[in-house]
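User: Please examine the structure shown here and answer some questions about its salt bridges, helices and surface.

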Amino acid sequence: MARKKITVVGAGHVGATAALWLATKELGDVVLLDIVEGVPQGKSLDLMETAPIEDFDSNVKGTNDYKDTAGSDVVIITAGIPRKPGMSRSDLINTNVGILKTVVEGIVKHSPNAIILVVTNPLDVMVYAAWKFSGLPANRIMGLSGALDGSRMRSFIAMELGVSMEDVHAMVIGGHADEMVPLKRYATVSGVPITQLLSPEKIDAIMARTKKAGGEIVGLLKTGSAYYAPSAAVSEMAEAILKDKKRVIPCAAYCDGQYGVKGIFIGVPAMLGSNGVEKILEIELDSDEKKEFMGSVAAIKGLIEELKIGG
Ligand code: APR
């Protein structure tokens, strides 16, 4: 079987760490691309020098040239700039949208059949912009949200109960922002609802911490944002696609009427396989969950209106 090819755009914290996960799991050969000369080359060489120790045979190549990305099966986009002092949210969005335009055009030109996973924040609006720039069918583009937010919620539940992380499942839908919707009714420990294992106060605290989990890390790091869990989560999505696993992983997927939402990308439970988002699962939401989800929809629509590419 021919090796798969995975491109990671942005060789910063998230991108380089994703390259490490992808290579160690031997999901394919990895191309790491960045606008800065030397950085993707240096990090890739460092990763190749890791291979004999970790026993992987994925090739990792660093580049500044989109030609090297040709024929990629999956492309992970982490390129972007963080918010700088004095920069408005709208400035940040439009700067990152500008970066995304260059990136997506470069990618699609050389890999018209790729499936694109967007990591750059603000996530839901960046996926939307990437889709607009790509001209690809919406099932081929998605964004990292629930895989990360759900993993954070799972870790908080497991730490609270002192049980294995492996046995805890949790689903977070909605926008990848403060308006995300952790679904306590669907969180379980080996199938047992957490509502039978934790007090309502503890569950509320875990849900609140999940919503602010990205900010909690930023607050601790002072410079920069989380990258181990984000890169692991997007690699998990890439694996589901590359191996056609049909895994159900919530992510920012294009809704065309599902959950009463049309024309935007938002976190929903999605079945991921070789065709990208192959199906959106419409699960039952109670009235509070629906209300919160629609709050996310409104927030995302508001951000899309700020886009200079037009809604
Ligand atoms: N083309 C390619 N790479 C670019 C471009 C561009 N036009 N513009 C910026 N980059 C690169 C930067 O050179 C840098 O190496 O994107 C990389 C971003 O890396 P970091 O600054 O380390 O950011 P990181 O922590 O990896 O986060 C990346 O993921 O989780 C999100 O909010 C986070 O949007 C951010 C993204």
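The questions and answers below concern a predicted model.

User: How many salt bridges does a search of the whole structure find?
Analyst: A pair counts when a side-chain nitrogen of Lys or Arg lies within 4 Å of a carboxyl oxygen of Asp or Glu. Asp29 and Arg3 meet in this way, at 2.8 Å from N to O. Asp29 is in strand 2 and Arg3 in the segment before strand 1, 26 residues apart. For the whole structure, the search finds 13 salt bridges.

User: How are helix 4 and helix 5 oriented to each other?
Analyst: The axes of helix 4 (residues 89-110) and helix 5 (residues 123-134) come within 9 Å and cross at roughly 40°. Angles under 35 degrees count as roughly parallel, and 65 to 115 as roughly perpendicular. The two helices, helix 4 and helix 5, are therefore oblique.

User: What is the accessible area of the nonpolar patch that includes Val36?
Analyst: Val36 lies in the loop between strand 2 and helix 2. Its relative accessible area is 41%, which means that Val36 is partly exposed. Together with Ile35 and Val39, Val36 forms a nonpolar surface patch with an accessible area of about 280 Å².

Notes. Residues numbered from 1 in each chain as written. Predicted model: local features only at pLDDT ≥ 70, side-chain atom pairs only at ≥ 80, totals over all residues. Heavy atoms only, no water. Patch = residues over 30% accessible without salt bridge, like charges linked within 9 Å, V, L, I, M, F, W, Y side chains within 5 Å. Areas by Shrake-Rupley, 256 points an atom, 1.4 Å probe, with all protein chains shown as cover. Helix = DSSP H or I, 4+ residues; strand = E, 2+ residues; numbered from the N terminus. Buried < 20%, exposed > 50% of the residue type's maximum accessible area, 1.4 Å probe, protein only. Axes fitted to C-alpha atoms, helices over the stretch in contact; angles between N-to-C directions. Parallel < 35°, antiparallel > 145°, perpendicular 65-115°, else oblique.
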